[in-house]
Amino acid sequence: MNPQYHGQYGQGPPVGQGGPVSSAGYGGPAPGPPGPRPMYNGQPMQGQGQFAGPGKQMPVQNGPQMGPPSNMGGPQGDLQYGQARPPGPGPNQFPQRGPAPPGGMGGPRGPGPNPSMMPGQGPNQLNAQMGNMNISGPPTRGPSQPTMGGMPPMGSSTGMTPGYNTAPVIGGGSGPPSNLPPNSLGGPPTGSNTGMPGPRPHGMGGMMPPRSTPQPSNTYGGPPSSSQGLPPTTGGYGQPNSMATGPLGGQPPISSSYGQPPVSMGGMQQPGFPPPPSSSSGPPNMGMQPPGGMPPPSSTSQGNFPPTSSYGGPQPGGPIPGGFPPTSNMAAPGFNQPPTGFPPMGGQTPVSQGFQSPGSQDMSHGQYGGNQPPQFNQGFPAPQPGRPGMPGMQPASMQQPQKRLDPDQMPSPIQVIQDDRNNRSGTFSTAGKGVVPPLVTTQFITSDQGSCNPAFLRSTMYNVPCTSDMLKNSHIPFALTISPFAKLQTEEHPPPIVNLGELGPVRCKRCKAYMNPNMMFIDGGRRFQCVFCGAATDVPDAYFAHLDHTGRRVDSYDRPELCLGSYEFVATKDYCKDSILPNAPAFIFMIDVSYKAVKCGLVNLICERLKKDILLNLPKEIGAEKSEIRVAFVTYGKEIHFYNVKGALAQPQMLVVSDVDDVFVPLLDGFFVTLEESESVIDSLLTQIPQMFSDSRETEVILGPVIQAGLDALKSADRAGKLYIFHTSLPIGEAPGKLKNRDDRKLLGTDKEKTILSPQSKFYSQLGQECVSAGCSVDVFLFPDTYCDVATISDICRLTSGNMYKYSYFQADLDGDRFIEDFKNNVQSQRAFDAIVRVRTSQGIRPVDFLGNFYMSNTTDVEMCAIDSNQAISVEIKHDDKLKEQEGAFVQVAVLFTSVSGQRRLRIHNLSLNCCTQLADLFRNCELDTFINYMSKYAIRNTLNKSPRETREHIMTEVANVLACYRKNCASPSSAGQLILPECMKLLPLYGNCVIKSDGIQGGQDISTDDRSYLMHLTNAMDVKSSCAFFYPRLIPLHDLDPSGTTLPSAMRCSAERLQDNGVYLLENGVSMFIWIGHSVDPDWIQKVFSVQSAAQIDIDKCRLHELENEISHRVRDVVNQVRAQRNRYMKLTIVRQRDKLEPWFNHFLVEDKGQNGSASYVDFLCHIHKEIRNLLN
Ligand SMILES: [Zn+2]
């Protein structure tokens, strides 16, 4: 712990936090005259003396690790930052979206009233009282069947927008290019993006880049200030006729036979599995990977490993060699021959155990293998003697008797997780530079001692190679996964907020890095030398403090930015668009009220729970009494209904816009409100909406204009914010953003899959960019029964850092709680709006690639319209020069954002890493979970640009290259037959295979196109904890729970071999959750948990655990609840009985086994990697 620090700020920072803007002093008068501790001293602070202490508990935090001054600020220092940057963009550069009104949303924007809202103002008034509200527009078709299914499939979609975010090479062309194809990923290249006038200058460095020029929105037909007040009849809105409130008969739906689809799949609609894909990527191709040198990701012939569908799986057109048992056998006990005496939990001792272990002695790293090479399991591609260029490829083992490898001798994730828990639970201090944090699966409390909590920032490596060659040679990517607003443990403290008044954050004059504990003060405290670029910057008078005899500032412990790894600065106007402080953010709830939405109970559910679960839980600043978030309400079908919920009204008013080709927002005053000012009107609205639309027969919904309307409203109100869209079906209504049903599931798993995994048109991608420039994030909650083109719709969520949720075959009574929990968590976890993330690194390295759900219009600034506590981005860092071993490597992540109360702030995270010149040091200080997190996002991007086979082979090649590098450079000499794995990386083959097998990355035709796209979207924003669970699910035995226990039982390896016929197991991966029930489970257990006499009588469609009054029932529900509480999304529980139809789906998550689609088992994959390593070493 950092007792000195936390003793002070643990109660919440004294400044700014949660306070209104005016009281916090930003924008207020400058802090007092220069003094040693101008700001913090100015505040009433308890325990001041604690901070002013001599720092004896943290004596070396600043000094020694800084390195000699002479090493800094040399010519190289100028190279990176000094020249590439346009000279001196002043801090005032934030030209943005149009002039901001001085007032907030509460009042009219322009002069004069907003007459359109007032009842009785003319024939075109949209003043209908809610009570007699009707839907205008042409009569809809009968409630027969929705038309989605009838669309002709589009074989090959046009307009294949490149996939995930772009990874432009940074800098003035001096650095090594990224090995990614530029512009291969979703964002447009710098300067070519539509809607963005030209490339931006540097963002947070030189300050904010210009966004789209202040164009008045076309929706008002004139300057905002004057048109605002015009009634619609003047033409100010352009289409007075398009708003109508015409009555429409309320014929109830005639048919109620809307097909009830199955509901038993956990979010996935496809029970059972089709046969393995018939297509194959060709014959196994075993080749030699030249050692050293990064293989180009696009290489097609060096991949070595035969495609998944071939190895171990069916050969093209042929029977399955080596035989994966048919699905029906899979469930049967005896599948894979349970090893004798197999304890479920294993006591595996992977380290030092070989496959055939004579001669394994090196305990410092796991050795797997003895004098003989591992045996190739059945199902592996047969040796192909005729293949050229493979000298020595046929290992002796191939002639040896086939012998099954013992899975217990392979590295076990359960063991690794348990060992780390045993060794590293408790407190983790960040004081040491380059200390690898505990695993994400370990419960630990972080003590911030100058480097940030690993919950915010994790690195694939904590000892960074000094040179580019060494890094390349290792094949380990140097990548960070950043969760800037991660939720902390209750024992941990949120980053304190520092308010330096008009002075603003103190920064390096050259590289603009923010003050941090690693800056070194010189000249008696009058200047500080930048830890990143080496430049010396004058200390502002107001920030001056004397140095003590060790060279530290005497106020080091008074200022978070001088002693902590994470803190926030209150930003000045210079950090705001147009130098105007922002308004509080807004949420717009936009509810599909089509026939389908009403029928499944969605509309009723949302309106019933919105107030209690959502509006009463809007995010607020820590310590604040109420939320500052503004809310607004919209419903839509084929047209859009806006609601005036101004507090002064007796009843809410509805305004209908039926011209959706050029949508506009017909009201501002009364549209955005706070809950307290309009509580009764909102209550009334939420009561009336379900009644109004109970007879809805609309089957053609729109989506594009809905988003446009929300965007326009936020822009007009000059607020950043979020659209919460609750949507049921493919938007086929005649309007911009109309989509075709182009589903063609047969393409999944083939080289053409990218066509249906990419957006079908550019509409939503372009609209997403417009949203980004307005700080408008879009969250879409989907409730589809059929294909609704998640690939296209999710693109707007991706660009705007929004979330997507999908509830297939939604029924409010069964799925309502799950949806509401997700909705609630989403709203509560929103922490930042209109954010820009900038990563700075030490001289010699720089960020070159960014992965995640965000938008970039230049090469350095990651724009995120909203950030919640679950979102993460990944950044790859490469060398453009050398690092100096004695100095270390530093990273600073700065997030400029608007807080939930509308305060503009900067959140800063600092990380100190070591540098190394020995590969062994690198391999000893790696973090595999972060590596896998990065690898998976990279693979997602590849999925949209390459063939499935190339994506797969890229991962396999990288895994083999990493391990071959270790074997060659770090392991002690041993027989070539031994597989030697570095301790930190011994699960790399297993996890790499799990990534390959993942539905999001290599999904075949056994999941739907939409589910595939959905998982891709999820994976792309996962933090390390989520991806860790997602790729290697947690399997927990439930049948032998200790009734008096309180913690979660130990997990088991994910293999069918481990399941006992008389057992019950929980399996979850953060997205799906199952309870598997063996066929000979004790009936008493079933009775106590499910209240039926046998497993056969369990209603698996209900997927609920009854609240029964007995110990076992309590304990099982406790386990399920604990697991759910650890995950970001409320997982639907699916009950699977052994041998019933859902079991193949469950088995799909037993990732150590061979997959039904031919994907490799852990054993097979490890053997293959071993062979690849030997090839590389030869
Ligand atoms: Zn600097």
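The model is predicted, so local features need pLDDT of at least 70 and side-chain atom pairs count only at pLDDT 80 or more, while totals for chains, interfaces and linings use all residues. Residues are numbered from 1 along each chain as its sequence is written, and side-chain values use heavy atoms, with hydrogens and water left out.

**Exercise 1. Describe how helix α19 and helix α24 pack.**

Step 1. Two packed helices are described by the angle between their axes and the distance between the axes. Helices (H or I, at least four residues) and strands (E, at least two) are DSSP runs, numbered from the N terminus. Axes are lines fitted to C-alpha atoms, for helices over the stretch in contact, and angles run from 0 to 180 degrees between N-to-C directions.

Step 2. For α19 (residues 928-943) and α24 (residues 1024-1031), the angle is about 80° and the axes are 9 Å apart. The two helices are therefore roughly perpendicular to each other; angles under 35 degrees count as roughly parallel, over 145 as roughly antiparallel, 65 to 115 as roughly perpendicular and the rest as oblique.

Step 3. Contact means heavy atoms within 4.5 Å. On the α19 side, Asp929, Thr930, Ile932, Asn933 and Ser936 meet Val1024, Ser1027, Cys1028 and Phe1031 of α24. These contact residues divide into four nonpolar, four polar and one charged (Ala, Val, Leu, Ile, Met, Phe, Trp, Tyr, Cys and Pro count as nonpolar, Asp, Glu, Lys and Arg as charged, and the others, Gly among them, as polar).

**Exercise 2. Is Thr1019 buried or exposed, and which residues is it in contact with?**

Step 1. Thr1019 belongs to helix α23 (residues 1009-1020).

Step 2. With a relative accessible area of 1%, Thr1019 is buried (buried means under 20% relative accessible area, exposed over 50%, partly exposed in between, with a 1.4 Å probe and protein chains only).

Step 3. Leaving aside neighbours within four places in sequence, Thr1019 is in contact with Ser936, Lys937, Ile940, Phe1030 and Phe1031.

**Exercise 3. Which strands pair with β24, and in what sense?**

Step 1. Two strands pair if DSSP finds at least two bridges between them. Strand β24 (residues 904-916) is mostly covered, with twelve of its 13 residues buried.

Step 2. Strand β5 (residues 463-465) pairs with β24 in the parallel sense over three bridges, and Pro465 stands opposite Cys916.

Step 3. Strand β11 (residues 566-570) runs antiparallel to β24 and is joined to it by five bridges; here Ser566 stands opposite His909.

Step 4. Strand β23 (residues 889-898) pairs with β24 over ten bridges, in the antiparallel sense, and Phe897 has Arg905 as its bridge partner. β23 and β24 form a hairpin with five residues between them, and Gly902 in the turn has a positive phi of about 95°.

**Exercise 4. Which strands stand at the edges of the open sheet of three strands?**

Step 1. The strand order is β8-β9-β10, with antiparallel pairing.

Step 2. β8 (520-522) and β10 (536-538) stand at the edges, each with a single partner strand, so one side of each is left without a neighbour in the sheet. The twist averages 35° from one strand to the next.

Step 3. Strand β9 (residues 527-529) and β10 are joined by three bridges, and Arg527 has Asp538 in β10 as its bridge partner.
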